[in-house]
Every structure is written in structure tokens, then in C-alpha cells.
Amino acid sequence: GAGSVANTPEAGDVEYLAPVTIGGQTVNMDFDSGSSDLWVFNTQLSLNTLSGHMAYNPAQSSTFQLLPGSTFSISYGDGSGAAGNVGTDTVNIGGATVTGQAIELATDVSTSFVTDTQSTGLIGLAFSKLNTVKPVQQKTFFDNALATLPEPVFTADLRHNAAGTYEFGAIDSTKFSGPLAWTPVNTTSGFWQFTSQAFAVGGGAPSTSVPGGQAIADTGTTLMLADQSVVDGYYSQVQGAVNNATVGGVTFPCSATLPDLQIDVGGTMATVRGDDINFAPVDQTGTTCFGGLQATTVQPQIYGDIFFKSNFVAFNGGNNSLGVAPH
Ligand SMILES: O=C(CCCl)NNC1=[NH+]CCN1
């Protein structure tokens with residue numbers, strides 16, 4: 001059946017956590033449409049590493065089974081990572097249930113995961129071809145659930161500083177306004193990748209031919225990382241915007257009024273609200289603010305949580321497409 005869980009932003013909308021029940025143990029996890037491993041903090045880790053975290057204890061689950069000799073090792077776009085061994089267990093997300101789901105048990109996690117005590121791990125929702133388990137690659141929760149879901153979809157409804165929803169198996173049309181604009185997804189990269197070749201600022205004339213012209217929908221990335229041409233075009237319309245090498249990106253006066261960004265998603269222009277692009281003050285004085293739109297020099301562009309706060313997104317694993325509508 002379908003499953004629906006509330007998600008909650010960590011402070012500053014840095015990431016969005018939602019409850020996942022593994023072998024009867026409910027832990028909060030980061031749902032990540034930009035990767036394809038389900039890994040958890042667990043009782044194999046040292047007490048120092050576990051300090052402050054919830055942990056999955058396979059010994060307490062009557063349905064856990066070790067996958068002897070299986071290991072995983074994953075590194076993310078932001079340089080964080082985890083590695084360990086693997087078993088299977090029953091996973092239930094708001095009622096959507098998978099038995100025999102690969103549960104990757106971290107024995108090593110990078111610092112940013114240790115300090116992020118609210119998160120018990122990640123649940124990857126990109127395509128299973130990116131899964132890192134060896135010697136036998138494993139499937140994502142969504143892949144395993146597909147055949148049993150009423151509809152072959154999951155949806156992301158992320159909000160600024162407020163509870164949202166992750167749903168599996170149904171599209172709740174009360175969560176967005178207007179029709180969903182659907183775009184085909186190119187699954188070759190293993191990401192939810194689509195064409196994004198144009199942008200406009202504050203309703204102005206659209207630019208076209210953004211170099212590379214590809215983007216991925218990635219709930220596991222905090223910001224929106226776009227081509228330099230988009231970043232330059234956007235911040236040229238923001239008084240006092242500067243590229244601030246010290247803080248590592250574009251900043252502007254917190255008093256600035258930020259224009260909306262219109263961005264191409266498979267031929268339809270989606271809007272990212274200017275308010276959502278004012279990401280956070282860089283210091284306690286609250287004078288200078290850091291932009292939620294920043295540049296990436298690599299392709300594809302990565303449309304992270306900043307994009308999702310203005311747009312409801314449906315991920316269709318039945319026909320490999322993405323549906324987007326304002327919310
Ligand atoms: O790794 C990426 C970028 C893929 Cl191009 N997104 N997912 C994620 N999870 C934790 C940090 N980032």
C-alpha cells in the first residue's frame with residue numbers, strides 16, 4: 001500500500017529528516033534522491049561516534065539477516081561518506097513496506113555525519129545502478145517497493161522551516177497548485193536527471209543555452225548548484241551581491257530583496273521564490289547573507305532543497321519522469 005510520512009527540516013533547512021521503521025525500530029533518516037544506498041548508524045559503531053545519535057541494533061530485530069561478505073562504501077558530492085557491512089530487514093515508511101531491504105550498517109562515517117546527531121543515516125532514492133554494495137549490488141527501497149505501490153511514484157513536499165511530507169505510492173494533489181508539469185528523466189547517470197537549458201530572473205526575458213543544460217533533482221543537497229551563467233545572471237539583479245571567497249560563495253546584504261528565479265525543467269519554467277534563495281546569515285550580526293543559489297563547475301547542475309521549497313516534485317519510477325508544480 002501507499003505510505004506517507006512527515007518530514008522535518010533541521011535548523012536552517014540544512015537537511016530534511018523523516019521516520020523509517022527498520023525491523024520494528026523507528027529512526028529518523030535523510031531521504032536522498034541524489035544517491036542509492038540505505039545506510040544507518042548502528043551498534044557496531046563506537047560509543048563516541050554514536051554519542052547523541054539513535055542507532056539501529058540488528059541483534060534486536062527478529063527479521064534481520066546478515067548478507068555475509070557484503071560491504072558498501074559511499075562518498076557524496078559534498079565530500080562526506082560512509083562505509084561498512086550489509087544485511088537485510090523489513091522497512092516500513094508510513095505504511096509502505098518492503099521485506100528483504102538491504103540495510104547498510106556503517107562501521108565508518110565521516111565527521112559531518114557524526115556531528116549531525118538528528119540523522120540516523122540516509123535512504124537513497126536515486127536509481128539502483130548507483131548502489132555501492134559489493135559483490136552483489138542492492139536495490140533501493142523505492143525500487144523494491146515499486147511493484148507493490150498503488151502508483152509507481154514517490155513525492156517530495158519540502159517546506160521552509162516547517163513540516164512537509166514524503167509519500168510513496170500516491171500523488172496528493174492538495175499539496176500543490178495547478179497541474180504537474182512532467183518531464184522525461186534520463187536515467188543513464190543513475191540520477192533523476194532532466195534537461196534544464198534556460199532561466200529568467202524576476203520574470204524578465206529568459207536566457208537560453210545554459211551550458212551543459214542538464215540538472216538532477218536532489219533532496220540530499222541543501223542548496224541549488226547551477227551553472228555559472230545562471231548564478232551570474234541571477235545575482236547581477238541583486239544589489240550588493242558579491243562572490244565572497246572567504247565564506248565560499250555569493251553573499252549579499254540580508255536587507256536585499258531577492259527576485260524570483262524562473263528555471264527550465266524539461267521545457268516548463270519552474271519558479272524558485274526569491275525568499276527561498278536568501279538561505280542564511282553568514283554570522284550572528286545578520287548583516288550579510290549567503291545565497292541558496294550557488295555555482296557548480298561540473299555537470300549536471302544539482303537542484304537541491306532550495307528548489308524543493310518552492311516546488312512539489314513527483315518522481316515516477318514507472319515511466320522515468322519527473323512532475324513539478326509550485327507549492
Ligand atoms: O551526493 C549528492 C550529490 C550527487 Cl551529484 N547528493 N546527495 C547527498 N547526500 C549527502 C550529501 N549529498
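A: One begins with a definition: a salt bridge is a side-chain nitrogen of Lys or Arg within 4 Å of a carboxyl oxygen of Asp or Glu. The model shown here is predicted. In it, the side chains of Asp172 and Lys175 form such a bridge, with N and O 3.3 Å apart.

Q: How many salt bridges does a search of the whole structure find?
A: The search finds 4 salt bridges. Among them is the pair Arg159 and Asp157, whose side chains meet at 2.9 Å, N to O. Another joins Asp13 to Lys309, and there the closest N and O atoms are 2.7 Å apart. This last pair links distant parts of the chain, for its partners are 296 residues apart. Asp13 belongs to the loop between strand S1 (3-9) and strand S2 (16-22), while Lys309 belongs to the loop between helix H6 (305-308) and strand S24 (311-316).

Q: Is Asp13 buried or exposed?
A: A residue counts as buried when its relative accessible area is under 20%. Asp13 has 3% relative accessibility and therefore counts as buried.

Q: Which label applies to Arg159, and which to Asp157?
A: Arg159 counts as partly exposed because its relative accessibility is 28%. Asp157 is buried, with a relative accessible area of 3%. As for Asp172, its value of 22% makes this residue partly exposed.

Q: How does one find empty space in a structure?
A: Rolling a probe the size of a water molecule over the atoms shows where empty space is left. In this model, the largest pocket has a volume of about 770 Å³.

Q: Which residues lie nearest the centre of the largest pocket?
A: They are Tyr76, Gly77, Asp78, Gly220 and Thr221, out of a lining of 31 residues. Strand S3 (25-32), strand S5 (65-75) and helix H2 (111-115) each supply at least two residues of that lining. By class, the lining has 13 nonpolar, 12 polar and 6 charged residues.

Q: What lines the second largest pocket?
A: This pocket, with about 150 Å³ of space, is lined by 14 residues. Those nearest its centre are Val231, Asn243, Gly249, Val250 and Gln294. Two or more lining residues come from each of helix H4 (228-235), strand S16 (242-244), strand S17 (249-253) and strand S22 (293-295). H4 gives the most, with 4 residues. The classes here are 8 nonpolar, 5 polar and 1 charged.

How values were computed:
Residues numbered from 1 in each chain as written. Predicted model: local features only at pLDDT ≥ 70, side-chain atom pairs only at ≥ 80, totals over all residues. Heavy atoms only, no water. 1 Å grid on protein atoms, 1.4 Å probe; cavity = no way out; pocket = protein on both sides within 12 Å on 5 of 7 lines; lining within 4 Å. Points joined across faces, edges and corners; volume = space filled by probe spheres on them. Nonpolar A, V, L, I, M, F, W, Y, C, P; charged D, E, K, R; others polar. Buried < 20%, exposed > 50% of the residue type's maximum accessible area, 1.4 Å probe, protein only.
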